[in-house]
Amino acid sequence: MQFKITEIKQLKFSKTHFYSVRFLDREKSEFKDFYERMKPNDTDFKEVLEIVNWFSDWANYEGASEEFFRAEREADRLFQPMEFTIKDDDQIEPNLGLRWYCYRLNQNVVILFNGGRKTHQDPEKCDNVRDYFLQAIAISKALDEAFQYGVLHIENDFELKTKPDSFLKI
Amino acid sequence: MTKNNIQEIESEDFPELHNDIMQLPKDSKLYTQHVLNIPRYVKFTLSTLGLNQNYLAENLSKTDAEISKWLSGKQNITLRTISRLEAALSIDLINPEIKKLIDSLKGAEIAKSPIYTYPTGSSSVNYNVFIIPSVSHINKNIFTEGAVPTEQTTSINIKELLPY
């Protein structure tokens with residue numbers, strides 16, 4: 001599957017610019033797909049908005065420091081603080097919170113993928129996030145190669161550029 | 001579009017995002033600010049006083065890893081922890097006016113850090129007070145109201161912030 005990098009106009013901050021990816025056979029980016037899938041559920045959507053509000057703050061102040069992310073094999077995810085607030089001793093299974101996968105290139109550039117609410121410790125056993133987890137890993141590997149071979153590069157600290165007629169694929 | 005052998009990437013407009021964020025409940029906005037601002041203020045205080053995380057680890061009988069978790073915002077800290085941090089650094093972390101101070105700190109240059117002695121009954125408590133010169137620019141969270149740059153020198157006295 002081929003994909004392109006997509007700039008998100010509303011997520012360009014003074015220290016970090018956020019991007020997403022769009023598969024060529026789809027109309028919207030993975031970021032937009034995630035956002036719109038979460039919207040019908042009030043709990044999920046509120047958490048998404050809290051995460052956006054959270055990263056829009058540090059994206060203007062510290063930039064995308066490693067402390068705001070956690071590694072998910074070759075990919076990353078936003079390490080939002082909200083997951084620590086929803087622990088409930090009465091719950092049979094812990095609420096593991098939303099997983100929003102991404103690729104942190106450096107302090108200035110983050111590429112947002114898809115995600116979902118994690119319901120099992122092992123993401124590959126979670127019906128909600130399995131596909132997005134594996135997709136994030138595959139995209140991240142492709143991005144690593146693209147940067148390594150110059151298919152993708154950064155200009156002016158924040159701007160992602162691609163070679164003409166080049167494509168990315170997983 | 002191709003220019004100088006470079007291809008511009010595509011762009012996605014997402015106008016509803018701003019409106020959605022503005023609908024976020026106030027407590028959610030405040031929570032995300034606290035999660036970031038409390039560690040920021042503790043780190044700022046350590047830096048200003050020439051201390052590092054080891055100081056906190058030793059004074060609070062915690063490991064460096066635990067302190068690091070607190071200061072990275074990766075662990076939700078309790079009121080007990082906040083109180084211990086306040087005691088160790090002689091700062092006030094949960095005063096409602098602290099947000100104004102944090103907003104001022106963003107982009108500010110710190111001139112000096114004198115110690116203010118605040119008497120409380122028979123004993124006294126020393127609070128660290130930071131004098132903040134002109135704030136030329138504040139990186140404002142576009143989704144958050146209230147971050148206002150100040151053009152004049154701002155002096156924040158902890159005494160004025162205390163409720164008693």
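## Packing of α2 and α5 in chain B

In this predicted model, helix α2 (residues 26-48) and helix α5 (residues 79-89) of chain B have axes that come within 11 Å and cross at roughly 20°. Because angles under 35 degrees count as roughly parallel, α2(B) is roughly parallel to α5(B). The crossing of α2(B) past α5(B) is left-handed.

On the side of α2(B), the contact is formed by B:Ile38, B:Val42, B:Thr45 and B:Leu46. The residues that α5(B) contributes are B:Ile82, B:Leu85 and B:Leu89. By class, the residues of this contact comprise six nonpolar, one polar and no charged.

## Setting within chain B

Chain B contains seven helices and seven strands. Along the sequence, these elements follow the order β-β-β-α-α-α-α-α-α-β-β-β-β-α.

Chain B has 164 residues, of which 42% count as buried. Among the contacts in chain B with a separation of 6 or more, 58% are accounted for by residues 24 or more positions apart.

## An aromatic pair between the chains

Over all chains, a search of the whole structure finds 19 aromatic pairs. One of them is formed by A:Phe31 and B:Phe14, whose ring centres are 5.1 Å apart. The planes of these two rings stand at 55°, so the pair is tilted; a stacked pair would need planes under 30 degrees apart, and an edge-to-face pair planes over 60.

A:Phe31 belongs to helix α1 (residues 30-38) of chain A, whereas B:Phe14 is located in the loop between β3 (10-12) and α1 (16-22) of chain B, so the pair joins two chains. A:Phe31 is buried, its relative accessible area being 0%. B:Phe14 is likewise buried, with a relative accessible area of 0%.

## An aromatic pair within chain A

A:Tyr101 and A:Phe133 form another pair, with ring centres 5.8 Å apart. Their planes lie at 55°, so this pair is also tilted. A:Tyr101 is part of strand β5 (residues 98-104) of chain A and A:Phe133 is part of helix α3 (residues 130-148) of chain A, so the pair ties together parts that are 32 residues apart in sequence.

Because buried means under 20% relative accessible area, A:Tyr101 counts as buried at 1% relative accessibility. A:Phe133 also counts as buried, at 3% relative accessibility.

How values were computed:
Residues are numbered from 1 along each chain as its sequence is written. Chains are lettered from A and ligands numbered from 1 in the order in which they are written. This is a predicted model: local features need pLDDT of at least 70, side-chain atom pairs count only at pLDDT 80 or more; totals for chains, interfaces and linings use all residues. Side-chain values use heavy atoms; hydrogens and water are left out. Rings of Phe, Tyr and Trp (its six-membered ring) pair if their centres lie within 6.5 Å; planes under 30 degrees apart count as stacked, over 60 as edge-to-face and the rest as tilted. Helices (H or I, at least four residues) and strands (E, at least two) are DSSP runs, numbered from the N terminus. Buried means under 20% relative accessible area, exposed over 50%, partly exposed in between (1.4 Å probe, protein chains only). Axes are lines fitted to C-alpha atoms, for helices over the stretch in contact, and angles run from 0 to 180 degrees between N-to-C directions. Angles under 35 degrees count as roughly parallel, over 145 as roughly antiparallel, 65 to 115 as roughly perpendicular and the rest as oblique. A crossing is left-handed if the near helix is turned anticlockwise from the far one by less than a right angle, and right-handed if clockwise. Contact means heavy atoms within 4.5 Å. Ala, Val, Leu, Ile, Met, Phe, Trp, Tyr, Cys and Pro count as nonpolar, Asp, Glu, Lys and Arg as charged, and the others, Gly among them, as polar.
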